[in-house]
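Visitor: I have the sequence and the model open, and I would like a guided look at how the pieces pack. Please start wherever you like.

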Amino acid sequence: MLRQLTMMLLTGAIALLATLAQAETLHVSLVLSDSTPPYQQFSIALNKALASSNANVTVTESSEGRGAKADLVIAVGMKATEIATANFKAPVLSVMVPKAGYEALLGRRSPQKPPNAISAIYLDQPWSRQLNFIKAALPKHSIVGLLYSPNASIVLPRLPPGMSLNAKSVRSAETLFATLEHILESSDVLLVVPDNEIYSSSNVRNILLTSYRQKVPLIGISQAYVNAGALCAIFSTPEQLAWQVAAEIASFARSGRLSEPQYPASFSIGINQQVANSLGVELAPPEVIRQRMDREGEMEQ
Amino acid sequence: MKQFLYRLCAAVFSIGAPCGAVWAADHPTEQDYLQEFPIVLSASRLSQPVSETPNAMTVIDRNMIVASGARNIADAFKLVPGMYVGYVNGHTPIVSYRGSTDAYARRMQVLVDGRSVYLPLFGEVDWAELPIDIADIDRIEVVRGPSAASHGSNSVQGVINILTHQASGVPKALVSVSRGDAGISDMSARVGSVGQNWDYRVTLASHADHGFDNMFVADTGGGNPRVTLNDSNAKQLINTRINYRPTGIDSFDIQLGYSDTSRELGDLPPAKTGKGLAASLRTQKTLSDFQQLTWLHTLHESSDVQLSYYHIGRNTKENYYSTPCITCTPAALNVVAGIGYPINNNAVIHRHDLELQHTLNVSPNNRFVWGMGARRDSANAPNNLAYSPTWREYRLFAHDEWRVTSSGLINIGAMAEKNALGQTRVSPRVSYNHHLSTRHTLRASASVAYRNPEMIEELGNEGFLLKKVGATQYRWRDVLAAGGLGPERALSREVGYIGQLDDAGSTLDLRAYHDQISNIIYLDLATTYPVADPGNVMASATSPRNFKSDFNATYSGLESTLNYKFGERSKLTVNYAHQVAKASPSRSSPVAAFNPSLIGAAYNYRLTVPLHSGSLLLSHDFSGGTQLGVGFYQQGKTQILEAATQQPLTRYLDLRVAQRFGGWQSKKERSGGGEIALVIQNALNDHYTDFSSTIIGKRRAYLTATLGF
């Protein structure tokens, strides 16, 4: 339901772009953090979304952006956002950035330069959605384990009824596995948070193996986690974010203002059926999980 | 050896050195979401849940082993319904399943991390010399039923699969010391590290005790009526496991182990203890080693290939003298009183095994495993075999796990093998598991498995050289195998129920089975067989014993396991088994009805299972780091095949109390802290008789102190 609504809104917004086609051309500069596939996918999807709307928008890919004339800068990733805020005067829409990283970056902006108008479309999922997902996918797993490093800025969420959070701070790399085992003993699932001190690519292997051995499913934050052996995850793909950005461009073209920073409107559900089978966890198909999430979301509203 | 150890440790430590992780703080970036990982839980790493396995399975985890207070690996198997654990003496445990219990227990496959330790010469598992420390065991999976399709040949009545800690499983240093009754003196030190591409763990351990120190046997030599059983033993071992991941898709698991075991044997009275002189008091020395390399290559997320190789070497030396012969024929063979003939009971065994296995998820509902393997077993045991054989076996196997509907699962598989005697057999297995709901599952399965004859059964020539009289070299023989045997065949059918009882995870496992074993190979006790113990030359050896294969047996029964969790801190495991066996001469044996030895053997087979047996294990964690474990074991009357009388009802209670301190108080074994544990075996001092009727169970206590750094 929520998804249909979102899609309707997006399509509506893009249709609006079409009506703007007659108006003045909007010059959008696209700054990518690098040229690896996720950024390329975003770029292709954004061009596709804009093209299908016949909007009068020119998109220039710019790695440095110095001197480029632009009405709006789309900065994809943290590095791109830093470049965009430093080198452009135009408003910046930062996308594919975690909320915590984005907020930290805002705090670090150079005082020498007048700040741009800036907003963001985050990469991370809102806590309410994440917890709603766990509840919809694993109704019997009510204790959510969470590991974080002391420097991580995690605002612990308010929990839906019947759910409890078992969060532990990992003091040092040496105590990571002691804390992990401890938390696995008293949790039904382990939820990954974006914390590269804990979930570095070398640690993820042993975290996955340890949690699997203790029969505690891991909830990832990307398809890569699911492929590696996490039970499931919700995440937004570069394509999904690009459509949301296209809608935001339309809104900007109309109003000349950026919306408040927002979470991704649409998301994907990834599940690893083999891991579910092996752990003896009954996992509904993604469509059913999504329906349950929509129902829960409506009830909350 | 010392130098070898030093070098090995040095190599391992230098690998571990660059492993320390950098602990630098930063805010999250999109890379936390976009980073790619290698596939960790690849197709072959995912195990089947107990409710979907084709056979009934018992899992004994680390916590259960600890709570039971088991000091020997064999003792852990008392927690498997229907499994027999007994002691021939202090250093020779016997583990057998589904009856036919003798000193060898030949109908069960035993694997340690996939390495078959069921050795070819006698067809036995020498539990005491295995180069692994019980504290390195992560869990034990026991397949109760034939499982050749998944576990290879000789998986006839069951499979024991011992899984040790992963290389990453001991990331700290641990030191443990035990002292107790009967000369118990154990020490172990382990260290390990977890790194980016390398993980390792190393264990150094020594175990020693005086065996059943206070036990007495009747003296046959006159004088002292009761003597101490001579079964002191000591073992030193080193064991290491290394995991190396050169790329995201390749993982190498390297395991090395070495053990040096000394065991005292012989039971003559103290008056005649002159070692090696006209007495069978002796020390048996066993050096055992293994090397295992497993390469797991992930092709993609639903397919991986595993190539594994291992070698096991075992060298046993046991040199002693026979009792003097005074009535030998011809009389010239009689030896001077006081000195017998030398018996060099030495054996060298080597096993090389190579296996390739491919696991692939054909679809989300279908996982397929297939592979092939070759094994080369060689033995040099002049006192036991006619010659030094090299046996080669080849196998091809496939197994499919197919989720037919959302509630139904079919496991179907088979292994084809060509044994060393050139005989080819196919062992199929099929099972259907039906989930009545997410918590309740029914299973029905049927399988066939074969046990190949062992070297002693086919080529046995057990005895020793006497002297030359004239031109004739005389040899004393206890066993002379005629050969020409074929594999034993087992057909098993079972129905089972696996249920989850509550949200805490309490489970109930029930199973009824009916197994038929045909062409059972047994040691035919010829009417005029000379002696039971080849160490004692008492008569002329005109009619040595032979292995024959002409009777069948059926085993049926019920097994149940309840695992009940009382909240977070308490767990109760209750096992019960009801077993019935029947045996009769096979139709292919025309002389069967007239062979009293065969009739006797068949009769005894029926008694080798206790009608009722059970065990109970309760563990509780008190707040403040105190842990309690209570184990109670009971087994009805059982006939051991070699024994003259039945082993009567056996019943005893084991207790373990532990106090943790430091960082371990909150159960965090991986942080600094420690534990002091007191184990009292047979706490009520029940004087039960063991496998060997010379052993009377007595209370025995030991204290273990463990420190973690």
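Visitor: In what kind of crossing does H6(A) pass H7(A)?
Guide: Elements here are DSSP runs numbered from the N terminus: helices are H or I with at least four residues, strands are E with at least two. A crossing is left-handed if the near helix is turned anticlockwise from the far one by less than a right angle, and right-handed if clockwise. The crossing in which H6(A) passes H7(A) is right-handed.

Visitor: Before we go on, what pLDDT do local features need?
Guide: Residues are numbered from 1 along each chain as its sequence is written, while chains are lettered from A and ligands numbered from 1 in the order in which they are written. This is a predicted model, in which totals for chains, interfaces and linings use all residues, side-chain atom pairs count only at pLDDT 80 or more, and local features need a pLDDT of at least 70.

Visitor: Back to that helix pair: how do H6(A) and H7(A) lie to each other?
Guide: Axes are lines fitted to C-alpha atoms, for helices over the stretch in contact, and angles run from 0 to 180 degrees between N-to-C directions. These two axes come within 11 Å and cross at roughly 30°. Angles under 35 degrees count as roughly parallel, over 145 as roughly antiparallel, 65 to 115 as roughly perpendicular and the rest as oblique. H6(A) and H7(A) are therefore roughly parallel.

Visitor: Which residues of H7(A) make the contact?
Guide: Two residues are in contact if their C-beta atoms, placed from the backbone, lie within 7 Å. H6(A) brings A:Leu176, A:Phe177, A:Leu180, A:Glu181 and A:Leu184. From H7(A) come A:Asn203, A:Ile207, A:Thr210 and A:Ser211.

Visitor: How many nonpolar residues does the contact of H2(A) with H9(A) have?
Guide: The axes of H2(A), residues 37-51, and H9(A), residues 238-255, come within 8 Å and cross at roughly 40°, which makes the pair oblique. H2(A) contributes residues including A:Phe42 and A:Leu46, and H9(A) residues including A:Leu241 and A:Trp243. For the classes, Ala, Val, Leu, Ile, Met, Phe, Trp, Tyr, Cys and Pro count as nonpolar, Asp, Glu, Lys and Arg as charged, and the others, Gly among them, as polar. With one charged and one polar residue in this contact, the nonpolar count is twelve.

Visitor: In S8(A), what is the bridge partner of A:Val144?
Guide: S6(A), residues 143-148, runs parallel to S7(A), residues 164-169, through six bridges, and there A:Leu146 is partnered by A:Ala167. Three bridges also join S6(A) to S8(A), residues 189-191, again in parallel. The partner of A:Val144 in S8(A) is A:Val189.

Visitor: How many of the eleven residues of H5(A) are buried?
Guide: A residue is buried if 20 or more other C-beta atoms, placed from the backbone, lie within 10 Å of its own, exposed if 12 or fewer, and partly exposed in between. In H5(A), residues 127-137, the buried ones include A:Leu131, A:Phe133 and A:Ile134. The helix is mostly covered, and its buried residues number eight.

Visitor: Which helix gives the most to the side of chain A that touches chain B?
Guide: The contact takes 49 residues from chain A and 37 from chain B. Among the elements giving two or more residues on the chain A side are S4, H4 and H10. The most, eight residues, come from H7(A).

Technical notes
Pairing = 2+ DSSP bridges.
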